[in-house]
Amino acid sequence: MKVLTNLDMNKNQILNAVLQNLASAPENPREGQYYYNSTDKILYVYNGTAWVSSGVKVEASETNGNIKIGGEEVTVYSLPLASASTVGGVKIGAGLSITAEGTLSATGGGTADAVDWANVIDKPTALSQFTNDENFIDNTVNNLANYYLKTETYTQTEINNLIGQIATLSVEKVDALPEGEAIKTNVIYLVAKTDSDTNDVYTEYMRINDTWEILGDTSVDLSNYLTQTGDTSNTTVAFASAETRVLPNTGESLAIIIGKIIKYLADLKAVAFTGDYADLINKPHPIKYYDLTVSGATATYTAEGTVLNVSIMDATTHESVIADVTVSADNVVTVTCAEAPVNALTVRITYVGA
């Protein structure tokens with residue numbers, strides 16, 4: 001690719017680039033030119049007068065364990081032993097261990113630095129040495145304000161007897177209501193009805209204030225109820241269209257679900273029913289292009305729509321060419337070269353047509 005003008009990367013990165021590799025410096029250099037010397041493995045830059053190294057060579061010393069920087073011997077730092085006043089290296093002593101990854105742990109054992117309980121000094125030996133912050137009862141039982149006396153409590157037998165005296169409500173099916181002492185005030189009596197159309201249905205009675213009161217009966221009218229597999233063809237539902245277009249959720253009422261469906265149907269446009277492209281709104285404009293021929297140092301073209309892309313190539317060799325390209329707010333494309341090209345250029349301008 002031939003570049004006829006300077007490249008402005010607009011502060012973007014050049015990725016995966018490799019500088020020019022040469023065994024010796026190139027001829028006729030310009031100030032600021034770089035190249036990588038493949039013989040001595042150093043990057044050089046031309047300062048306008050001579051080629052100079054742009055880095056420092058670091059290598060191992062040939063005489064000791066130190067290093068050389070730019071050919072000069074450099075003393076390597078030696079870690080001192082740690083002390084009360086010096087930061088330095090330490091060794092692992094008794095009661096400690098260190099893993100291959102450098103993790104330090106206390107293990108116990110040993111003598112001086114052991115964490116074994118037997119080696120802990122000033123250990124508490126009596127509960128009285130701890131603070132009674134939870135107010136547990138101590139040996140002297142000095143506070144019984146929140147405790148019951150024996151005379152204020154019940155045994156298990158006494159509790160069972162008290163529970164047994166609690167009246168419970170029960171239900172009994174009888175042919176006729178009881179009389180006299182046979183009447184129980186904590187029983188609901190079920191008396192069968194004699195009507196042929198109410199077979200297996202009972203009237204509920206209870207004795208309240210020496211009078212028989214009817215509580216109700218066990219009949220249930222299911223004539224206006226649907227079964228899980230019932231016929232809903234004549235069921236009516238009152239509903240209103242939803243205000244916003246949202247999908248139905250499980251557990252919602254039939255009126256809410258139908259209202260949401262009606263909203264979706266009302267929002268459909270004509271194209272949903274005709275399928276005709278002509279009924280679409282905001283249809284996309286077609287993509288067009290124009291090939292501009294450039295023979296001089298500059299050329300312009302006014303596109304009939306928004307410019308999407310501009311590409312340039314040599315009209316003879318078909319190589320890609322880089323030149324300055326500007327696009328104005330009114331879609332005027334201007335191509336500028338540093339000088340008139342040897343071969344004419346073909347500039348393809350791609351734009352959105354009206």
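Predicted model: local features only at pLDDT ≥ 70, side-chain atom pairs only at ≥ 80, totals over all residues.
Biologist: Why is Thr203 called buried?

Modeller: Thr203 has a relative accessibility of 11%, and buried means under 20%, so the term applies to Thr203. This residue lies in strand β13, which spans residues 202–208. Setting aside neighbours within four places in sequence, Thr203 is in contact with Tyr189, Leu190, Val191, Lys193, Ile214, Gly216 and Asp217.

Biologist: What makes Val246 partly exposed?

Modeller: The value for Val246 is 35%. Buried requires under 20% and exposed requires over 50%, so at 35% Val246 counts as partly exposed. Val246 is located in the loop between β14 (211–217) and α2 (254–267).

Biologist: Which residues is Val246 in contact with, leaving aside its neighbours within four places in sequence?

Modeller: They are Lys260 and Tyr264. Val246 and Lys260 are 14 residues apart in sequence, while their C-alpha atoms are 6.5 Å apart in space.

Biologist: How do you know that the buried residues of α2 are on the same side of the helix?

Modeller: The buried residues of α2 are Gly259, Lys260 and Lys263. They cover an arc of only 100 degrees around the axis, and therefore they lie on the same side of α2.

Biologist: What span is expected of α2, and what span does the helix have?

Modeller: α2 has 14 residues, and 20 Å is expected at 1.5 Å a residue. From first C-alpha to last, α2 reaches 20 Å, which is close to that expectation.

Biologist: What makes β11 and β14 edge strands?

Modeller: Four strands form an open sheet in the order β11-β12-β13-β14, with mixed pairing. β11 (170–174) and β14 each have a single partner strand, so one side of each is left without a neighbour in the sheet. The twist in this sheet averages 30 degrees from one strand to the next.

Biologist: How do you know that β11 and β12 are paired?

Modeller: Pairing requires at least two bridges, and five bridges join β11 to β12 (residues 187–192). The two strands run parallel. Lys173, for example, has Leu190 in β12 as its bridge partner.

Biologist: Why are β15 and β17 placed at the edges of their sheet?

Modeller: That open sheet has three strands in the order β15-β21-β17, with antiparallel pairing. β15 and β17 each have a single partner strand, so one side of each has no neighbour in the sheet. Here the twist averages 20 degrees from one strand to the next.

Biologist: How do you know that β17 and β21 pair?

Modeller: At least two bridges are needed, and β17 and β21 have eight, in the antiparallel sense. Thr306 stands opposite Val352 in β21.

Biologist: Which residues touch the most other members of the largest nonpolar core?

Modeller: This core has 16 residues, and Leu292, Ile312, Val347 and Ile349 touch the most other members. At least two core residues come from each of β15 (287–294), β16 (298–302), β17 (306–314), β20 (332–336) and β21 (345–352). β21 gives the most, with four residues. Beyond its neighbours within four places in sequence, Val347 is in contact with residues including Tyr290, Leu292, Val310, Ile312 and Val335. A second, separate core of five residues includes Val174, Val187, Tyr189 and Val191.

Biologist: Which residues form the covered face of β16, and which the uncovered one?

Modeller: Ala299 and Tyr301 form the covered face, whereas Thr298, Thr300 and Thr302 form the uncovered one. In a regular strand, side chains alternate between the two faces of the sheet. β16 pairs with β20 in the antiparallel sense over five bridges, and Thr298 stands opposite Thr336 in β20.

Biologist: Why is Asn331 called buried, and why is Asn28 called exposed?

Modeller: Asn331 has a relative accessible area of 17%, which falls under the 20% limit, so Asn331 is buried. Asn28 stands at 73%, and exposed means over 50%, so Asn28 counts as exposed. Asn331 is found in the loop between β19 (324–327) and β20, and Asn28 in the loop between β2 (21–22) and β3 (34–37).

Biologist: What is phi for each of these residues?

Modeller: Asn28 has a positive phi of about 50 degrees although it is not a glycine. For Asn331, also a residue other than glycine, phi is positive and near 65 degrees.

Notes: Residues numbered from 1 in each chain as written. Heavy atoms only, no water. Core = buried A, V, L, I, M, F, W, Y, C linked by side-chain atoms within 4.5 Å. Buried < 20%, exposed > 50% of the residue type's maximum accessible area, 1.4 Å probe, protein only. Contact = heavy atoms within 4.5 Å. Axes fitted to C-alpha atoms, helices over the stretch in contact; angles between N-to-C directions. Expected span 1.5 Å × (residues − 1). Arc of directions from axis to C-beta.
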